[in-house]
Every structure is written in C-alpha cells, then in structure tokens.
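Please open the model in your viewer and keep the selection tool at hand. We will go from one stop to the next, looking at what is there.

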Amino acid sequence: MKLTVFGATGGVGGEIVRQALATGHEVTAVVRDPARLSATGAGLEVFRADLKDPESLRGAVAGRDAVLSGLGARGTADARTGVATTLTRSVVHAMEAEGVRRLVVVSAAPVGPPAERQPVIDRIAGSLVSRILKAVYDDLRAMEAELARSATDWTSVRPPRLQDKPATGVYRRVVGGTPVSGRFIGRADVAHAMLATIDDLATVKQGVGVAY
C-alpha cells in the first residue's frame with residue numbers, strides 16, 4: 001500500500017513508519033524537521049510541510065491508499081491550544097480535497113467509553129488521570145469530533161498510558177469500547193494496531209481501545 005504518516009518523528013508515528021517499511025509498504029513521512037526522522041528505507045519518501053496549512057499537505061496525501069496520524073499534544077500547554085484538533089483538521093481538509101478517505105489516528109483511552117465491569121481501583125485511577133490531563137483529553141475529544149464530521153473513513157485508536165517497549169503484536173482490542181483494566185501498552189504495539197486497522201472494515205468510523 002501507499003501510506004502517508006503524519007507525526008512521523010514522534011514515538012508512535014516513528015514506529016508506524018518503521019513497521020510499515022518493514023512490511024513492504026511505500027511510506028510518505030510528513031515532517032517539519034527532516035533531521036529528526038530516524039527511519040530509513042527504499043520505500044520511504046520524506047515530505048516537508050507546514051502542518052497548519054491544508055494546501056501544503058495535499059501533495060503528501062494525493063493518490064495514497066491510507067493516511068495514519070500520530071499527531072497530538074506534547075504536553076498540557078500544547079493541548080490548551082488545541083494542537084491535535086488543529087493539525088488533524090488540516091489533514092482532513094487535505095484528504096477531502098484529494099478524495100482520499102482512509103484515515104487512522106491515535107487518540108487516548110479516556111476519550112472512549114468506560115470499560116464494562118471496570119474494577120473500582122481502575123475507575124478511581126482513571127478519574128484522577130482524567131482530571132490531571134483534562135486539557136489533553138479535551139483536545140482529543142475535539143479532534144475526534146472533527147473526524148466524525150468529516151467525509152473520511154476514520155478510525156481512532158485509543159491506548160492507555162504509553163511505554164517504550166518492543167512490538168509484541170499481542171494486546172487486547174475492543175472495537176467501539178475500552179479493554180477492562182487496560183493500564184499500559186507500548187508505542188510499538190499501538191503502531192502495530194493502527195496498521196492492522198487499515199483494511200479492517202469493522203473499525204471504520206469507530207474508536208478502537210487497545211491495551212495489554
């Protein structure tokens with residue numbers, strides 16, 4: 001497949017690029033600073049663009065089979081400015097202009113519905129984290145609202161706390177829901193889950209909870 005990856009220099013985005021190249025995909029990595037991109041490979045194209053300008057992104061998505069985004073706030077200051085919403089809006093507008101439909105983004109578990117039969121300790125911990133990171137999750141909720149209003153065939157992959165661990169390909173996944181007591185998952189496995197949803201019709205216009 002021909003894939004475009006936004007946020008390609010980030011933790012999840014970089015893993016998407018590396019795994020996609022390793023499995024034979026052609027990858028266009030959209031970056032602001034090419035020097036920060038660590039991935040290499042024969043199927044890699046680096047596309048430098050202003051992520052806030054939808055017109056500058058059209059060339060990055062034109063003719064692609066799917067777009068994957070690891071874009072998001074790097075902290076609460078970014079989140080308060082709505083960075084995930086703003087940048088994703090630019091990606092959506094570029095895709096709509098070029099007639100590209102498949103979009104997979106990374107979000108966060110608290111944006112999804114509460115897990116069924118969630119233990120009390122996990123409910124309490126989740127409530128505390130949601131209060132501390134309220135700005136981040138508000139930004140991601142607004143981002144997902146943009147997706148719902150768009151003409152794209154979107155999927156939002158919602159992990160809990162992220163860790164730097166090697167990919168295992170072994171994790172729980174709930175389409176339209178949240179895994180019970182899902183506390184952690186590695187960035188590499190989030191990337192694996194995102195790539196796996198590309199041709200999974202059951203995940204279109206759905207949130208997908210993932211966790212170990």
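Buried means under 20% relative accessible area, exposed over 50%, and partly exposed in between, with a 1.4 Å probe and protein chains only. Helices (H or I, at least four residues) and strands (E, at least two) are DSSP runs, numbered from the N terminus. This is a predicted model, in which local features need pLDDT of at least 70 and side-chain atom pairs count only at pLDDT 80 or more, while totals for chains, interfaces and linings use all residues. Residues are numbered from 1 along each chain as its sequence is written, and side-chain values use heavy atoms, leaving out hydrogens and water.

First select helix α2, residues 54–61, where Leu57, Ala60 and Val61 are buried. These residues lie on the same side of α2, because they cover an arc of only 80° around the axis, the arc being that of the directions from the helix axis to the C-beta atoms. Among the elements that cover the buried residues of α2 are β1 (2–6), β4 and α4.

Next, select serine 69 in strand β4, which spans residues 66–69. Is serine 69 buried or exposed? Serine 69 counts as buried because its relative accessibility is 3%. Beyond its neighbours within four places in sequence, serine 69 is in contact (heavy atoms within 4.5 Å) with Phe6, Val104, Val105, Val106 and Met194.

Then move to helix α4, residues 83–98, where the buried residues include Val83, Leu87 and Val91.

Finally, select valine 120 in helix α5, residues 120–132, which counts as partly exposed because its relative accessibility is 48%.

Conventions
The expected span of a helix is 1.5 Å times one less than its number of residues.
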